[in-house]
Amino acid sequence: MIRADIVKHYKTVHTWTGISCGLALFIAFYAGALTMFQEPIARWASPPAAGVAAVPLDDAGRLLELVVAAHPEARKEGITLHLRGHENEPARVTWEEDAAHQEGQPHEHVHWWATLKPDGTLLSKQEEPSELAEFINAIHMRVGIPEPWGSYFMGVVSLLYGVALIAGMIVLLPSLTKDFLALRVGHNLKRMWLDAHNVVGVTALPFHLVMAVTATAWGFGGPLWSAQESVIFGGRQKVVMKRDFERWTAPNPTGEADVMMAPGQLLQRLHAQVPDFEPKVMVFKNFGDKAAAVRFVGAERGYVGHTSFGGVMLSAVTGNLIKDNRASRQDPDRRASTTIFALHTGEYGGITITWAYFFLGFSGAWLFYSGNLLWIETRRKNARKGGEVEQSRSTRLLGSATVGVCLGCVAGISLTIVAAKWLHGRVADLNAWHAYIYYAVFLGSVAWAFAWGAARSAVHLLWLCAAATMSIPLTTALALLFPALGMWAHSSAATIGVDVVAVIGAFCFARMAIATTRRIRSGPADSIWSIRKANGRTVSQEAAVIPAE
């Protein structure tokens, strides 16, 4: 049995660590849930390449030869041959060129794609791909704060997050057997919300512990590596990194030309030598040279994680195995880091784990949101016992911040997704506009919440979230009905799934807005989530979806 004073101490630790980092964690978990379908979102946002026909794999060899002849600089950077043909892969072949040699280019690299015209000649075009999915992932990893401070900030937040998890479990231990999975539905709605908060936290504890540990390691990875290098290893880590780098880099070109093996034959050679490897793309380096190599990027069946920086490398001339950096062949330290990365991102177990992480991400966001609201309701009860009729200024400010930050993040992400289609071809740098729109909506929502108070602003912002999220499938519908708008509607299951999930999310936000409207009109007058009056004075102009007693 744990002494009551110890439990009280850890309850205080859990409360204040949760309050101090809850808003940042809401953003990280909400955006992180969406990154589980990062590729479908990228496919939804990517326009179809006009006039581009799918080049059969049998003709890919000729396409590569034409690309190298017209763009010899692509040999060094590497030419990517896509094997799946998704919407965010505009052509069979893509590559990048250094923008430093081209005046007026706003980006560090320029992106090209190429295909074959009906007459068999080369059609190549420079086009900046959509970075919407990458932007959402950046919000997830750094809550919108630029590097390196965003990583350091999230490292601190993740560390406090781990402390809050441990303290919360210690608080629950005395009553765990009695209260675990107990959801007491009745008049005491605050108790029901507390039960739900505890059930979500305990049942998803392994997931949250993994998130806390891995995110802390990533946040402080750079400084810790530098400190180890200086104090412990004395330069030996750089030797190991150089060795790892050499394991997946292509051999240096010889300057002697040779005949390349056809991509289809190279795939056959891969399957014969590495049968359990599932490639997604082929990256050709030094195409046309005697030392040309092709690196297959993909995943190995039965192993956790991906091999974006490894994979399997064959000679593009003979098809012989040059380097094998699959998960099963990695050193223990590299294997451990790959596993940790995969545990954080859910890159194992197929679609089942993807959906599980998706719902766990949303439940985590709700966990931090509900934690703040439960603290506010507890302060209301304490104020009532002391004879006060108004909540403190700090409580009202936290309520406004909770509503503004959380709902501003939701609305901002939804609207910046919509912008991928509405602004395509209408602005010079669409990827920059994704950031402009998100931050404008996010900061505007926070300002609105503080101006109107949490109660009224919660209703307004929930309806904004519902409208912004519903505009995702409505944009697709408009693209189908009015092609003259210049937008598009892909027909793949992945992109349709984005619209379907958005419809469900919009209805959820609308239902929350209706419940919140009812709450601010009929809830306890001494709550900051009410617009009613207590003792002739306005108690608050605020609302949220949590009911009190």
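**Close-up 1. Salt bridge between Arg43 and Glu87.** In this predicted model, the side chains of Arg43 and Glu87 meet in a salt bridge at 2.5 Å, N to O (a side-chain nitrogen of Lys or Arg within 4 Å of a carboxyl oxygen of Asp or Glu). The pair links distant parts of the chain, with Arg43 in helix α2 and Glu87 in the loop between β1 and β2, 44 residues apart; helices (H or I, at least four residues) and strands (E, at least two) are DSSP runs numbered from the N terminus. Arg43 counts as buried at 11% relative accessibility, and Glu87 is buried at 15% (buried is under 20% relative accessible area, exposed over 50%, partly exposed in between, with a 1.4 Å probe and protein chains only).

Residues are numbered from 1 along each chain as its sequence is written. Local features need pLDDT of at least 70 and side-chain atom pairs count only at pLDDT 80 or more, while totals for chains, interfaces and linings use all residues, and side-chain values use heavy atoms, leaving out hydrogens and water.

**Close-up 2. Salt bridge between Arg84 and Glu39.** The side chains of Arg84 and Glu39 meet at 3.1 Å, N to O. Arg84 lies in the loop between β1 (79–82) and β2 (93–98) and Glu39 in helix α2, so the pair ties together parts that are 45 residues apart in sequence. Arg84 is partly exposed at 33% relative accessibility, as is Glu39 at 30%.

**Close-up 3. Surroundings of Ile41.** Ile41, found in helix α2 (residues 38–45), is buried with a relative accessible area of 8%. Leaving aside residues up to four places away in sequence, Ile41 touches Leu34, Leu132, Ile136 and Val498 (contact means heavy atoms within 4.5 Å).
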